[in-house]
Amino acid sequence: MTAMSTESHILVIDDDPDIAKAARLLLERHGMRVSTAANPEAAWVLLAGEPIDVILLDLNFARGRTTGEEGFAMLDRLIAADARAVVIVVTGHSGIAVAVRAMRSGATDFVIKPWNNERLLTTVERGLALRRAKLETAATPPVHDGILLGESAGITRARDLVARVAPTAAPILIHGAAGTGKTLVARLVHQASPHASLPLITVDAEAADATVIAQQTAAAAGGLLVIDHIDRLPRALNGVLLSALDGIRVIATTRLDRTGVRVAIGEDLLDRVGTIEIALPPLVDRAGDVALLARHFLALFAYRHGKPLRPLDADTAQAIAADRWPDNVRGLRQTMERAVLLGNGETYAAGDLLLSPATAEPLSLAPDLSLARNEETLITAALERHAFNVSRAAAQLGLTRAALYRRMARYGL
């Protein structure tokens, strides 16, 4: 049997840990990378995180179930999400009719438990060849956008929380500075939720009024509503929003920590939207993730713009790692797209990145010496410098956190 490339990535979706382990050990011995998921919910998080070449899908997940309906539902969603998906269904001895039905539903092949190792390897190899053929002729990029990449502790914890709470009805409060990925996490929760077939309804709290709240909550009835920048909701609308949320699952986003949100919206509304909290760290605190994200975005935009994918030279890689990325992942993404569009050498050079000088100073004081305007400028600069970490910004400004929160509320920050 010819060993597969280590770039081949297999996902095994099976609630039986022994079956999943047996498949993983067998395929890893033949040079493949293998991830496992015990249920469809956990699988969606992995699928959102990075490309998968072949999926081995068990059809039953609940104890005692034999109809395969859970697996068929997952198969339908997999094919709907990616027409190039290569799914191999796994079924029991009496499952030939089930396997035939799965093939008609879009599965590419099947194996019967307990499997013959040679048969499983041959089937997976055939699936990998089919996947390569599909990618070569695909009109959409083989590099997926909208994924939560990274191995740092904060991002790993965020992915774990998404996997655990997305299938539930719990409201979620997502914290993070601008550009850290709050909208992306909300979208991933929606994709892995029971409401994935329904549209994702969003309301910008800062621009909302009573009419907008009524319209958007009505559109989200029975489903999921994202409230962006909930800390900026006009305080007079707290009761309006709170009374409109019956029967709606909520994901709220904010740049503030829990204390800041409590000051901004009050305890009652915070209790309604903040059962589960997911914190997204600034990019400067995600050691090791910057290079991974940079290469991902370079590959994504090279394909999207029809440009050759070039390697990073040593100076460029060092500049990327050293930058503080004040605009976080959003800024890194834009910088890599710019490098793809402007670069014309054999490698991506530091000049292609157009990075901001590392010594850039915060905004200067207003020349009219207005205390209020200058205070707002200083507070804004401190918050941006520390990626809206209120504790660090307060320490730099010589204020207590409570005093800084009061000033932030005063200036609408």
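**Entry 1: strand 8**

I began with strand 8 and looked up where its side chains go: Leu224, Val226 and Asp228 point one way, Leu225 and Ile227 point the other way, and all are buried. Buried here means under 20% relative accessible area, while exposed means over 50% and partly exposed lies in between, with a 1.4 Å probe and protein chains only. Strand 8 covers residues 224-228, and five of its five residues are buried, so I noted the strand as mostly covered. Strands (E, at least two residues) and helices (H or I, at least four) are DSSP runs, numbered from the N terminus.

I noted that this is a predicted model, in which local features need pLDDT of at least 70, side-chain atom pairs count only at pLDDT 80 or more, and totals for chains, interfaces and linings use all residues. Residues are numbered from 1 along each chain as its sequence is written, and side-chain values use heavy atoms, leaving out hydrogens and water.

**Entry 2: neighbours of strand 8**

I then checked the pairing, which requires DSSP to find at least two bridges between two strands. Strand 7 (residues 201-204) runs parallel to strand 8 and is joined to it by four bridges. I found Ile227 of strand 8 as the bridge partner of Val203. Strand 9 also runs parallel to strand 8, again with four bridges. There, Ile227 stands opposite Ala252.

From strand 8 the chain crosses through helix 9 to strand 9, in a right-handed β-α-β crossover. Right-handed means that, with the strands pointing away from the viewer, the path from the first strand over the helix to the second runs clockwise. Strand 7, helix 8 (residues 210-219) and strand 8 also make a right-handed β-α-β unit.

**Entry 3: helix 10**

Which residues of helix 10 are buried? In this helix, residues 258-265, I listed Gly260, Val261, Ala264 and Ile265. They lie on the same side of helix 10 because they cover an arc of only 110° around the axis, taken from the directions from the helix axis to the C-beta atoms. I recalled that an α-helix has 3.6 residues a turn, so residues three or four places apart point the same way.

The buried residues of helix 10 pack against strand 6 (172-175), helix 9 (238-244), strand 9 (249-254), helix 11 (267-273) and helix 18 (401-411); contact means heavy atoms within 4.5 Å. Gly266 follows helix 10 and has a positive phi, near 90°.

**Entry 4: whole chain**

The chain has 18 helices and 10 strands, and 46% of its 413 residues are buried.
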